[in-house]
Amino acid sequence: MVDHSSNRFSLCADCLIGFRYNGRFYEGGCVNAFTIRAPDDWHCHLRDGDVLSRTVADQSRYFIRSIVMPNLASPVLTIDDAQAYYQRIMMHVPSGRQWQPCMTLYLTESMDAKTIRMAKQSSYILAVKLYPAGATTRSEFGVSNLSRIEPILSVMEEVDLPLLVHGEVVDDACDIFDREAQFIDRYLQPLVEKFPRLRVVLEHITTQAAVQFVRSSSSNVAATITPHHLLLNRNDLLVGGLKPHHYCLPVLKRSRDQQALIEAAISGYPCFFLGTDSAPHAVDAKESACGCAGIYSAHAALEFYAEVFEQHDALGRLEKFASEYGARFYQLPLNEQRVTLVKASWTVPEQLTFGSDMLVPLFAGQSIGWSVRDIEPVNNKCDKKGKGSASEYDY
Ligand code: NCD
Ligand code: ZN
């Protein structure tokens, strides 16, 4: 007989096939509810201004921490920028939520060593983001010549401040589907060899090549995987008419790349963890002759991952991917809260309000099999040094 209290899974009475969890086979049916440690999102875009009421409300539903990308119209370049942005974000957290934003700085060729050292000392800045100039949305302030930031990378390595990488070349001659693999070969492999102690996250990986690179690197190198790169491939973008709401960067790749990402996510290797890259754009900016890159998934992020893990008979591995490996990489305490997902399908709205505009969320108008039923709160420890409480984020 299955002990539901210890494995935290409950079974569907109508289904008699059984399921596998933690290496054991449990008879009696498929899972219809399960409880895991509350997750963190290690890569999201919240934007700024009145749209924060949408993005922050969605992010804070059950994520306990989210790494917030710095690619605003006016990018987050300094400690003061990060602090001011943090405060604007916090004004939109619905009451009763325990969520905390973890801030990042936007790496430019003029970043100075003092800023890196101050970022390391601050309790709310967790990492620095590298955008190759021209690679993606609001990357124009990014880096054109990687050799110019080597002195800064050296300081980051010395103080142990992680580098988050948008891994695509911007070379016009390089096919857009090859840009990630080329970036790894030309720049990232040499970079991790030159700075072996630097902790590096290759963000939102999209290819078999990226999976192999991360697997064959040291434990200082990790990757985030988005729900959309697990659920979709380039056919979902291009077949039967162009689907602007499936356009993101790095662009969706082949089915075999999608399969490699799924295998990585469910593999149980700690170098792969959850990062949604939820990146909202107003509907008009997406449905345009020159549409913006970015997919919004924060309305149902954990539910999307649960769909993928369930489809691949791997629900028992979701907790480590969503709630453990990322925290361990960032040397943060694990969340003590728990979330319960239930098998209860619901339909994603066609559109969501986004400030004075609307946005089209991932799976708009489609049904999702899982719902998050509740989150059990506790007093969480959120400080990046692992010794404080959430209140230490307050200024
Ligand atoms: C992101 C955005 O819109 O800010 N877009 C995207 O397609 N992922 C930027 C990024 O992460 O590349
Ligand atoms: Zn992103």
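Which residue forms a salt bridge with Glu 109, and how far apart are the closest N and O atoms? I began with this pair and found that Glu 109 is bridged to Arg 148, with 2.4 Å between the closest N and O atoms; I took a salt bridge to be a side-chain nitrogen of Lys or Arg within 4 Å of a carboxyl oxygen of Asp or Glu. The two residues are 39 apart and link distant parts of the chain, Glu 109 being in the loop between strand 7 (100-106) and helix 4 (113-121), and Arg 148 in the loop between strand 8 (125-130) and helix 5 (150-159).

Before going on, I noted the basis of the entries: this is a predicted model, in which local features need pLDDT of at least 70 and side-chain atom pairs count only at pLDDT 80 or more, while totals for chains, interfaces and linings use all residues. Residues are numbered from 1 along each chain as its sequence is written, chains are lettered from A and ligands numbered from 1 in the order in which they are written, and side-chain values use heavy atoms, with hydrogens and water left out.

**Salt bridges**

I looked up the total and found 13 salt bridges in the structure. For cover, I used buried for under 20% relative accessible area, exposed for over 50%, and partly exposed for values in between (1.4 Å probe, protein chains only). Glu 109 is partly exposed at 27% relative accessibility, and Arg 148 is partly exposed at 48%.

I next looked up Arg 186, which forms a salt bridge with Asp 171 at 3.2 Å between the closest N and O atoms. Arg 186 lies in helix 6 (residues 179-194) and Asp 171 in the loop between strand 9 (163-165) and helix 6, so this pair ties together parts that are 15 residues apart in sequence. Helices (H or I, at least four residues) and strands (E, at least two) are DSSP runs, numbered from the N terminus. Arg 186 is partly exposed at 35%, and Asp 171 is partly exposed at 30%.

I then turned to Lys 343 and Glu 310, whose side chains meet in a salt bridge of 2.7 Å, N to O. Because Lys 343 lies in strand 13 (residues 338-347) and Glu 310 in helix 12, the pair ties together parts that are 33 residues apart in sequence. I also recorded that Lys 320, Glu 324 and Arg 328 are linked in a network of salt bridges.

**Helix 12**

Helix 12 is followed by Asp 313, which has a positive phi near 55 degrees.

**Cysteines**

How many disulfides does the structure hold? With a disulfide taken as a pair of cysteine sulfur atoms within 2.5 Å, I counted 0. The sulfur of Cys 44 has its closest cysteine sulfur in Cys 102, but at 9.4 Å this is too far for a bond. Cys 44 is buried at 0% relative accessibility, and Cys 102 is buried at 1%.

**Glu 287**

Lastly I looked up Glu 287, which is found in the loop between helix 11 (283-286) and helix 12 (301-311) and is partly exposed at 48% relative accessibility.
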